[in-house]
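Student: Please walk me through how to read helix packing and pockets in a protein model.

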Amino acid sequence: MEEIWYTELSDQELWSRLINGDEGALAFIYNTWFPSLYKYGMKIHADSSVVKDCIHDLFAGLWYSRANLSVTDSIKYYLFASLKRTIAKHSRKEGVFSLFDSLGAEHHSHMPSHEQKIIDEQAIDERRQKLARVIEKLPKRQKEILYLRFYEGLSAQETADIMSLSVNSTYVLLSKALNYLKNHSGELMVLITYWGGQHRSF
């Protein structure tokens with residue numbers, strides 16, 4: 001049997017394999033996207049076990065209903081939208097965000113080599129903590145749009161679909177969030193830099 005290099009497949013090709021009953025494709029999609037799905041799920045529901053159960057239910061549903069799946073060229077968008085619907089069904093009210101409680105933690109994996117680097121890291125950490133405190137004051141929907149647009153790098157249309165908004169409304173909501181950060185923290189560029197490798201144009 002020909003070996004399949006799933007990493008070399010486009011989203012559409014990978015999804016087609018799933019639809020056609022390729023268990024390896026399902027496993028690859030699960031392993032690839034579980035971390036991001038879990039992080040996003042924790043932004044809309046506070047219970048880790050619920051989020052994990054919803055992710056597992058999502059993938060079980062994908063497998064058992066694969067014959068009825070529509071083709072997609074963005075697996076990430078499809079999974080995020082599906083997870084939000086799954087969590088919404090699990091709970092009557094939307095979860096409370098605990099957004100960015102470990103903001104920047106993954107960026108601290110390398111120890112500074114001298115005193116100046118330590119001082120710089122402390123300063124950066126203080127700025128991130130300040131930004132996180134300001135973000136916590138944002139309305140939940142504004143937190144969500146920041147997360148989807150900057151952290152996950154979804155397009156305006158994908159974000160609009162997930163949040164059940166028009167594209168114009170996402171621009172308005174995002175602008176409100178960014179203006180609040182700019183006016184209340186002066187650290188807007190920290191946010192842009194922090195997610196700079198993943199965000200798309202407004």
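Student: Which residues in α2 meet α6?

Tutor: From α2 come Ser36, Lys39, Tyr40, Lys43 and Ile44, and they meet Glu144, Tyr147, Leu148 and Tyr151 in α6. Contact here means heavy atoms within 4.5 Å, and helices are DSSP runs (H or I, at least four residues) numbered from the N terminus. The contact of α2 with α6 has five nonpolar residues, one polar and three charged. Nonpolar covers Ala, Val, Leu, Ile, Met, Phe, Trp, Tyr, Cys and Pro; charged covers Asp, Glu, Lys and Arg; the others, Gly among them, are polar.

A word on the source: this is a predicted model, where local features need pLDDT of at least 70 and side-chain atom pairs 80 or more, while totals for chains, interfaces and linings use all residues. Numbering starts from 1 along each chain as its sequence is written, and side-chain values use heavy atoms, leaving out hydrogens and water.

Student: At what angle do α2 and α6 pack?

Tutor: Two packed helices are described by the angle between their axes and the distance between the axes. Helix α2 (residues 23–44) and helix α6 (residues 140–151) pack at about 165 degrees, with axes 10 Å apart. Angles run from 0 to 180 degrees between N-to-C directions, with axes fitted to C-alpha atoms over the stretch in contact. That makes α2 and α6 roughly antiparallel (under 35 degrees is roughly parallel, over 145 roughly antiparallel, 65 to 115 roughly perpendicular, the rest oblique). Their crossing is right-handed, the near helix being turned clockwise from the far one by less than a right angle.

Student: What about α7 and α8, at what angle do they pack?

Tutor: About 95 degrees, with the axes of α7 (residues 156–163) and α8 (residues 167–184) 8 Å apart, so the two are roughly perpendicular. Ala156, Gln157, Thr159, Ala160 and Met163 of α7 meet Val167, Thr170, Tyr171 and Leu173 of α8. That contact has six nonpolar, three polar and no charged residues.

Student: How far apart are the axes of α3 and α4?

Tutor: They're 9 Å apart, and α3 (residues 48–64) and α4 (residues 75–90) pack at about 120 degrees, so these helices are oblique. Ten nonpolar, three polar and one charged residue make the contact of α3 with α4.

Student: Which residues line the second largest pocket?

Tutor: Asp57, Leu58, Gly61, Leu62, Ser65, Leu69, Tyr78, Ser82, Arg85, Thr86 and Lys89 do. α3 and α4 are the elements giving two or more residues to that lining, and α4 gives the most, with five. By class, the lining has four nonpolar, four polar and three charged residues.

Methods. 1 Å grid on protein atoms, 1.4 Å probe; cavity = no way out; pocket = protein on both sides within 12 Å on 5 of 7 lines; lining within 4 Å.
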